[in-house]
Amino acid sequence: MSLTKDQVKHVAKLANLPLTSEEEEKYAEQLSKILEYVEQLNSVDTKDIEPTFNVSGQENVMRKDETEASLSQEEVLSNASKAENGMFVTKGVFEPE
Amino acid sequence: MGNDITKLTLTETLKLLEEKKVSTAELNKAYLERIEKYNPQLNAYLYVNHDNEKIPAAIKDVISTKGFPTTASSKILEGFIPPYDATVITNLESQGVRAIGKTNCDEFAMGGSGENSAYGATKNPWDQTKVTGGSSGGSAAAVASDLCVFALGSDTGGSIRQPSSLTGIVGLKPSYGRVSRYGLIAMASSLDQIGPMTKSVEDAALVLDWISGSDGYDSNCTKEKFSLTPSRWKAGIKRLKVGVPKEYFGEGLDPKVKQVIEDAIKKLEELGAEIVEVSLPHSEYALAAYYIIVPSEVSSNMARFDGIRYGFGREKIGPEVKRRIMLGTYTLSTGYYDEYYAKAAKVRTLIKGDFDKAFEKVDVIVGPVSPTTAWNLGEKVDDPLTMYLADIYTISANLAGIPGLSVPCGFSEGLPVGLQILGKQFDEETILRVGYAYEQATDWRKEKPKL
């Protein structure tokens, strides 16, 4: 599996990662090599094998539906790059940049 | 006692504190003096707490500490101060332990050498031209050079065991689900575990006792805590069945490291263990499965860094982290999920099955932690795939969720080698038992690097 620079650009867009042109080229090459390496999994017969996503054996762990104390508004906002009136400030989602 | 108190293990230190032969103030003073003297060359700590009044532990910088900067060794979290403590930190506080500092690591714990930190690599105390291993390299260097009583690290594919091996200390990755991950900056959520990095096996058992146990803030952590019953884990290893997987001794293993490991296995046999050859036939596919599962989970976890609620913009993310986000975004993207992530998850089932089968015959499995000793700084940084191969013997334990211990077992050309002891899921007791018996019979842990 070989990745083209255009595919890298597309993936970077999906991942919201700003990449320089130099990085795009470097990642195209490095990611292709890694994908080539992982292709060896194709030689493993996994017919009728269930996938393992979690090894803890837990499923739908529930707790009582009770409220408990959490962080204060001040604490929650303490690391925000910009906060106003007790809210995070972010760029408008539907406005042109 | 002077500087000598910094050489003591946690267990020895606690005894002195209890007998009031030393105070925590003296303890912190002695450690701070050493940190001031040696940290500038080693770069083990990113932040030092000069006002500590409790027993001083080194905490990997991916573990949230209320009021102390926590950066995950990344520029994207520069200046971030968590408003809450990780569960492990709360647990340590109740034992009278607090961070004397936050330790350097590969950025967001992604790396196997310590060099991916945005704040510079940590140097190996045994030879400062060498890497510490990673990702918990700062914690490893801090323990090895007596800059803390003990440390916490995190292990997703070997990040506690491998740097422990490369710096000659004890490192324990608990079973998945044994220790709460609440407050650990997530890397690959189905694999991450926090664990102790210590000066002795006894210390590792004690710290596990302190930090383990169910936690309502981590739904995968519902097991009871590991309880310390010395009569059981100090019982010796007579007639214990020790498995040696032939797949861990093949091509790629440095012959000198192999010799050291074989000598250690002989030692276990002398101590009364029965050595049994076992097979883990899917080992050769573990690395490939791991490098699909990890980046996939990384790409998802790293999506939260948007620079709005905390941290800076995504342009501050370093190269290895970006590489994994890219890889994971690709392997999870439309049309590729089945080919990559689902396939890797099935191979994971087979790898876990190998261990289940082997553990029907044996009590523990032993082998090398790392195929080589510490390598030169800069040697592998431009070749990610070669760097990934350094984790070849450690990642399977994370995929299977089982515990693993690295115990110092000798040197090759002046650099430490660690013996890996793997156990059944939630059977930390037996691997600690083997590690303790081995440690008591040898003097390796008493060797200290000359700084």
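1. Two residues are taken to be in contact if their C-beta atoms, placed from the backbone, lie within 7 Å. The model is a predicted one, and by that criterion 45 residues of chain B are in contact with 38 residues of chain A.

2. On the side of chain B that touches chain A, the elements giving two or more residues are H9, helix H10 (319-332), helix H11 (338-361) and helix H12 (384-389) of chain B. The most comes from H11(B), which gives 10 residues to that side. Sorted by class, the side of chain B that touches chain A holds 24 nonpolar residues, together with 12 polar and 9 charged ones.

3. Helix H9 of chain B, which runs over residues 286-301, has 16 residues and reaches 22 Å from its first C-alpha to its last, close to the 22 Å expected at 1.5 Å a residue. H9(B) is also mostly covered, since 14 of its 16 residues are buried.

4. A separate point concerns a pair of helices within chain B, helix H8 (residues 255-270) and helix H14 (residues 428-441), which pack at an angle of about 95 degrees with their axes 10 Å apart. Because angles of 65 to 115 degrees count as roughly perpendicular, H8(B) is described as roughly perpendicular to H14(B).

5. Which residues meet where H8(B) packs with H14(B)? From H8(B) they are Ala264(B), Lys267(B) and Leu268(B), and these meet Val434(B), Tyr438(B) and Ala441(B) in H14(B). The residues of this contact divide into 5 nonpolar and 1 charged, with no polar residue.

Conventions. Residues are numbered from 1 along each chain as its sequence is written. Chains are lettered from A and ligands numbered from 1 in the order in which they are written. This is a predicted model: local features need pLDDT of at least 70, side-chain atom pairs count only at pLDDT 80 or more; totals for chains, interfaces and linings use all residues. Helices (H or I, at least four residues) and strands (E, at least two) are DSSP runs, numbered from the N terminus. The expected span of a helix is 1.5 Å times one less than its number of residues. A residue is buried if 20 or more other C-beta atoms lie within 10 Å of its own, exposed if 12 or fewer, and partly exposed in between; C-beta atoms are placed from the backbone. Ala, Val, Leu, Ile, Met, Phe, Trp, Tyr, Cys and Pro count as nonpolar, Asp, Glu, Lys and Arg as charged, and the others, Gly among them, as polar. Axes are lines fitted to C-alpha atoms, for helices over the stretch in contact, and angles run from 0 to 180 degrees between N-to-C directions. Angles under 35 degrees count as roughly parallel, over 145 as roughly antiparallel, 65 to 115 as roughly perpendicular and the rest as oblique.
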